[in-house]
Amino acid sequence: MDVPSDRVGVDGAAVAPPGEPRRPLSQRYWRLFAFLRDRTAVLAAVVLLAAALGAVFAPWLSAHDPYEADNLLRFAPPGTPGHLLGTDQQGRDMVARLLWGGRVSLLVGVVPTVLASIIGLALGMLAGYARGLLDQFVMRVLDVLLAFPMVLLAIAIAGVLTPGVTTEILAITVVLVPYVGRLARTATLGVVTMPYIEAARAAGGSSPVILARYVLPNVLSPIVVYATTLMGLMIVVGAGLSFLGLGVQPPVADWGTMVADGRVVLRRAPHVTVLPGVVILIVSLAFNFLGDGLRDALDPRTARR
Amino acid sequence: MSTDVVLELRGLRTRFGPERGGTVAVDGVSFALRRGRTTALVGESGSGKSVTALSIMGLIEPPGHVVAGEILLDGRDLRRAGAREFEGVRGSRIGMVFQDPLTSLNPVLTFGSQIAETIRAHEPISRAAAEQRAVRLLEHVGVVDAAARAQDYPHHFSGGMRQRALIAAAIACRPDIIIADEPTTALDVTVQATILRLLHDLQQEMHASLLLITHDLGVVAAMADDVLVMYAGRVVERADVDTLFHAPRHPYTRALLGCATGIEDDRRAPLQPIEGMPPDLRHPPPGCRFAPRCRHAVAACDAASPALQPFGAAHEVACHRAAEVLADA
């Protein structure tokens, strides 16, 4: 259809000059490019990927059995031939134990956070969008959960079930849902009052469509950032549960248990405690940086092209 | 009423808050929109223009409620339509353009998919087909290089371009009625003219009915066929545009025109503001709502609220003294 010439080009800045070449990069992948340009975030992703690969391929990467004690070689310092990072108080290889410990720690850090994010996001969006009675009901239930200290609630839930990784994941998931749910509801309340929601409704959008295409993308970035931060924290919480005997059972150890076990020999062999501590620190930080990077990349307003 | 009436309001009443102590923002508004014509709804801020529009769209949110009246689309009362049926009307039979193009677009959807969402809400077509139509619509509303621009996000565009996109979304399903709620208020003057021109051209081309909400009398003069003047939740005067500007009968309309400026106006003659403030709608005056500010008010004005009475073919005025006011000026 013909457009009269008097209609075009008035908003000078917005109109592309004729003959300008198309942007070379495919528009579909600009978020990925935005992310890759953020060096800290990429480094964090590489660290986490390495940790994950190490955990998955632990049996092939370590020459030693993580549970094999060697009483003749206890407290070997890092650098000992055959034991790159030394051995612990029972003479078990630290490299093997860190790799195998990562399996539990990463699982406990990531899976409950992801589960809780999905559940919390759904509940929070529903509450914030519907408001009224449903909102009140959902939020009061979450408030009850929030009233307990985080770790105490996890202990209570894990305590009534059989100890193990599944229990640990379940307990941490339940504990996290109200935190994510509250954030999701707050973010949703901010979004539903925006004119573009009213405009979407005026265009005939149904509630499911508005929730999926208008609310969700606009509340997702704070949730993603929060969730990645929580992953680091949950590795520590999981360690706490294990320490209390409610999580993984000895001889299986996650990084947190390793820190806890090593504390009695801290003076004699600091590396037994420090090494898993440093690993937890690095992985937690990596999760945080990854979260920041994701936030910038997910938000079209902050991403530069 | 002639058959080309697409939408008719009868006694629309919208209240915010409880029955006692609530605010009746729209109080008994009746009018008809006709195919192929532009109707301007004029009034000050708070006179109920936008609430009227949102009531038609069924977008009044609690604590607000449409408490009385009929909204007849082709003779069917939208107030009795179910939620699903109403969704089918919004965006398809009635398109709406909002005031602020900066916040009326979802920041995380591209221009193209934004418009495609509207189409897909009403027609069972694939996303790809909807996006292709979105590109054609963007071209149609004057976006240059539309295929590439459809992939861009709202923050890449100026206000005028965003308003074009919102208009494209509003007309995507070729509605019978376009409601434009102060579509140019947030834009600068040069862009205003092009957007209004665009709205006018589209309305003509689709033979649609345009309800233009504005407080800019210049816009009214340039665009409207019929004019409704609202004051404190009521329509106080209804006329075709020529009658309204040349022989207004309601003292409020006359005062409103007195506030308007023209480029060639004598600077030494000061503008005439309307004395006083619009009434508090929680406690409206018992009689005519404009009486406390009216130069022509008499005892009867405080006693009873005047109804719209016809003066000639297409001219209605709600004033006890409408017959005398004209002579006074």
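**Ground rules**

I number residues from 1 along each chain as its sequence is written, and chains are lettered from A and ligands numbered from 1 in the order in which they are written. Since this is a predicted model, local features need pLDDT of at least 70 and side-chain atom pairs count only at pLDDT 80 or more, while totals for chains, interfaces and linings use all residues.

**Entry 1: chain A as a whole**

I looked up the secondary structure of chain A and found 11 helices and zero strands. Helices (H or I, at least four residues) and strands (E, at least two) are DSSP runs, numbered from the N terminus. Read along the sequence, the pattern is α-α-α-α-α-α-α-α-α-α-α.

Next I looked up burial. A residue is buried if 20 or more other C-beta atoms lie within 10 Å of its own, exposed if 12 or fewer, and partly exposed in between, with C-beta atoms placed from the backbone. In chain A, 40% of the 305 residues are buried.

For contacts, the C-beta atoms of two residues, placed from the backbone, must lie within 7 Å. Of the contacts in chain A with a separation of 6 or more, 70% are between residues 24 or more positions apart.

I looked up A:Ala127, which is found in helix H4 of chain A. Is A:Ala127 buried or exposed? A:Ala127 is buried, with 24 other C-beta atoms within 10 Å. Not counting residues up to four places away in sequence, A:Ala127 touches A:Leu134, A:Asp135, A:Val138, A:Met139 and A:Arg185. I also noted A:Phe137, 10 residues from A:Ala127 along the chain, with 8.5 Å between the C-alpha atoms.

A:Ala130 is in helix H4 (residues 94-130) of chain A. A:Ala130 is partly exposed, with 15 other C-beta atoms within 10 Å. From A:Ala130 to A:Ala227 I count 97 residues in sequence and 24 Å in space, C-alpha to C-alpha.

**Entry 2: helix H10 of chain A**

Why is helix H10 (residues 255-262) of chain A described as largely enclosed by the rest of the structure? Six of its eight residues are buried. They are A:Trp255, A:Gly256, A:Thr257, A:Met258, A:Val259 and A:Gly262. These buried residues pack against H4, H9 and helix H11 (271-298) of chain A.

**Entry 3: chain B as a whole**

Chain B has 12 helices and 12 strands. Its radius of gyration, taken over C-alpha atoms, is 21 Å. The C-alpha trace of chain B spans about 65 × 50 × 35 Å along its principal axes. Of the 329 residues of chain B, 50% count as buried.

**Entry 4: the sheet in chain B**

I traced an open sheet of eight strands in chain B, with mixed pairing and the order E6-E7-E8-E3-E9-E10-E12-E11. Two strands pair if DSSP finds at least two bridges between them. Strands E6 (94-97) and E11 (309-310) of chain B stand at the edges with a single partner strand each, so one side of each has no neighbour in the sheet.

Strand E3 (residues 38-42) of chain B has five of five residues buried, so E3(B) is largely enclosed by the rest of the structure. B:Thr38, B:Ala40 and B:Val42 point one way, and B:Thr39 and B:Leu41 the other way. E3(B) runs parallel to strand E8 (residues 209-214) of chain B, with five bridges, and parallel to strand E9 (residues 226-231) of chain B, with four bridges. B:Leu41 stands opposite B:Ile213 in E8(B) and opposite B:Leu228 in E9(B).

Strands E10 (residues 234-240) and E12 (residues 316-317) of chain B pair in the antiparallel sense over two bridges. B:Arg238 has B:Glu316 as its bridge partner in E12(B).

In helix H3 (residues 111-122) of chain B, 10 of the 12 residues are buried. Among them are B:Phe111, B:Gln114 and B:Ile115. What covers the buried residues of H3(B) includes H9 of chain A, together with helix H4 (127-140), helix H5 (146-149) and H6 of chain B.

Last, I looked up the largest nonpolar core, which has 166 residues. Such a core is a set of buried Ala, Val, Leu, Ile, Met, Phe, Trp, Tyr and Cys residues joined through C-beta atoms within 7 Å. Which residues touch the most other members? They are A:Val180, B:Ile115, B:Leu138 and B:Ala168. Helix H9 (residues 207-243) of chain A gives the largest share of this core, 15 residues.

Notes: Rg over C-alpha atoms; globule rule 2.2 N^0.38 Å.
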